[in-house]
Amino acid sequence: MTTAGPRARLVAAVRILAICLAATLVVLLVVMWWGSLRPGAYSLTEHAAGHGGASGGVSVADLTADADRAADVKVELTARHETVQLASGASFEGYTLNGATPGPTIRATQGQLVEVLLRNEDVAGGVTLHWHGVDVPAAMDGVAGVTQDAVGPGESFVYRFVAEQAGTFWYHSHQISHEQVIGGLFGMLVLAPAEETAVTDVVAAVHTYPNGIRTVSGEPGVMHVPAQPGDRVRVRVANTDNVPLSVWSGAPFVLRAVDGGELSQPPPIEGKRVTLTAGARVDVEVEIPASGGVSVQLPGASIVLGADPGPAPQPTEILDLLSYGEPTDLPFDPEQPDRSYRYDIGRMPGFIDGKPGFWWTVNGKIGDDIPMFMVKEGDVVRMTITNGSGEVHPMHLHGHHMLVLSRNGEQATGSSWWVDSLNVEHGDTYEVVFVADNPGVWMDHCHNLPHAAEGLIAHVMYEGVTTPFMLGHDTGNNPE
């Protein structure tokens, strides 16, 4: 009989340890997978009760505009799935609103009540409309499974809201939005100020369709607009794509507004470009020179006003909105917030509803395990947004606008910089603040829509507000 030597015993012990570690890893993965599974139908607010949220209270469906007030602006939109042909002749399988993409530009004046009837003719996955950047009543926010059910084929839904703001906005589906928006379910919304201005308006929705062609308001490459020397033109540029782009001009221009918010005393800009993150809008004002034309340019596209002056090279210097314009007084003290939160963006492997992947995270959590950011009406809410995920993220808060206080420790000294869509580069830290003045349950997510579908979604929830709508694979509601 022989006795195993020390080396053999060590090898055996290592094998047993490896087996134990492997078994532990398998058990851990099974537990993680099981814990990620969601019911076929569940309420976001009831699920959130175990993650810092609450159940019960006022239904989000009851947070609407005055039902007895007559509409000042009425629009009907019909969503279809069809082969889309662009002016260049290129075509792709996509979606239209009233037979076109972009859909009709909706215009209203500040103070008017807007009513939009959405019909879904044949979009199999269902549709909604989200009014991007407009602080609508919560029931009108258009998020399937949170503020309404998706509108199925043959069904309709009526949106009603008062245009309390003035500025440049857009609308798009918030149901399977990472597919439907790129495929064509979007349009522009312009809310004019109550006082008229002597400026010509040009709407420029920048969009790249599934065939890879970048367009401006449906025109591939170049959008031509008649203009005469001496004309003042406000070009309302919206980035409806998933990634940031730049805006510039070979002529002096003024940046009048960002995300619908007018800037205070903005000076002329020369030799700089403006970063426009996904979902964001800027209003660029130019005066047509005696030579007869100006172009507002973007990568791969341009808006030519009057005679074509020819392309201008993209400037290397980026306009810093932290110091652009002059500061104004605020009706609250951002240094004395009622609540403070961190929104730390990362990435790690895990499961979302049983599906394995390398998912985006918020505060180290994935998907529905991300706790709610709880607020109550009237709170001043300060948030620190950090991005250590390795990619840029355009962060979009529904129902509110955020005031940028600082970036990477540098304080804002220019015009009040209010955004609903904020470009957060890898390594950036932003301090922002907003006032909780619009009760509801609100998404706070990345507007690179595939990122949202991959888990980069959190919610701001008001105390005492809940939703009757359901999420889950049995409900037909899929907001991303």
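How many bridges join strand 3 to strand 6, and do the two run parallel or antiparallel? There are 7 bridges between strand 3 (residues 73-85) and strand 6, and the two strands run parallel.

## Basis of the description

The structure is a predicted model, in which local features need pLDDT of at least 70 and side-chain atom pairs count only at pLDDT 80 or more, while totals for chains, interfaces and linings use all residues. Residues are numbered from 1 along each chain as its sequence is written, and side-chain values use heavy atoms, with hydrogens and water left out.

Strands here are DSSP runs of E with at least two residues, numbered from the N terminus, and two strands pair if DSSP finds at least two bridges between them. Glu115 stands opposite Arg160 in strand 8.

Because 7 of the 8 residues of strand 6 (residues 113-120) are buried, this strand is largely enclosed by the rest of the structure. Buried means under 20% relative accessible area, exposed over 50%, and partly exposed in between, with a 1.4 Å probe and protein chains only.

An open sheet is formed by 5 strands in the order 25-34-33-27-31, with mixed pairing. Its edge strands are strand 25 (373-375) and strand 31 (421-424), each of which pairs on one side only. From one strand to the next the twist averages 20 degrees, the axes being lines fitted to C-alpha atoms and the angles running from 0 to 180 degrees between N-to-C directions.

Strand 27 (residues 393-397) and strand 31 run antiparallel and are joined by 4 bridges. Pro394 stands opposite Asn423 in strand 31.

## Nonpolar cores

A nonpolar core is a set of buried Ala, Val, Leu, Ile, Met, Phe, Trp, Tyr and Cys residues joined through side-chain atoms within 4.5 Å. The largest has 79 residues, of which Leu255, Ile303, Leu305, Tyr343 and Leu422 touch the most other members. Strand 34 (residues 457-462) gives the most to this core, with 5 residues. A second, separate core of 28 residues includes Leu129, Trp131, Val134 and Tyr159.

Leaving aside neighbours within four places in sequence, Leu422 is in contact (heavy atoms within 4.5 Å) with residues including His393, Pro394, Met395, Trp417 and Tyr430.

## The second largest pocket

A pocket is defined on a 1 Å grid over the protein atoms alone, as an open set of points where a 1.4 Å probe fits, with protein on both sides within 12 Å along at least five of seven lines; lining residues have an atom within 4 Å of a point. The second largest pocket has a volume of about 730 Å³, the volume being the space filled by probe spheres set on the points.

Of its 32 lining residues, Asp135, Glu164, Gln165, His401 and Asp437 are the closest to the centre. Strand 8 (156-162), strand 18 (261-262) and strand 32 (429-435) each supply at least two residues of this lining.

## Backbone features in loops

The loop between strand 4 (91-97) and strand 5 (106-109) holds Pro102. The peptide bond from Thr101 to Pro102 is cis, with omega near 0 degrees. Asn98 has its place in the loop between strand 4 and strand 5. Although not a glycine, Asn98 has a positive phi of about 55 degrees, and its relative accessibility of 37% makes it partly exposed.

Asn408 lies in the loop between strand 28 (402-407) and strand 29 (410-411). Asn408 is not a glycine but has a positive phi of about 50 degrees; at 45% relative accessibility, Asn408 counts as partly exposed.
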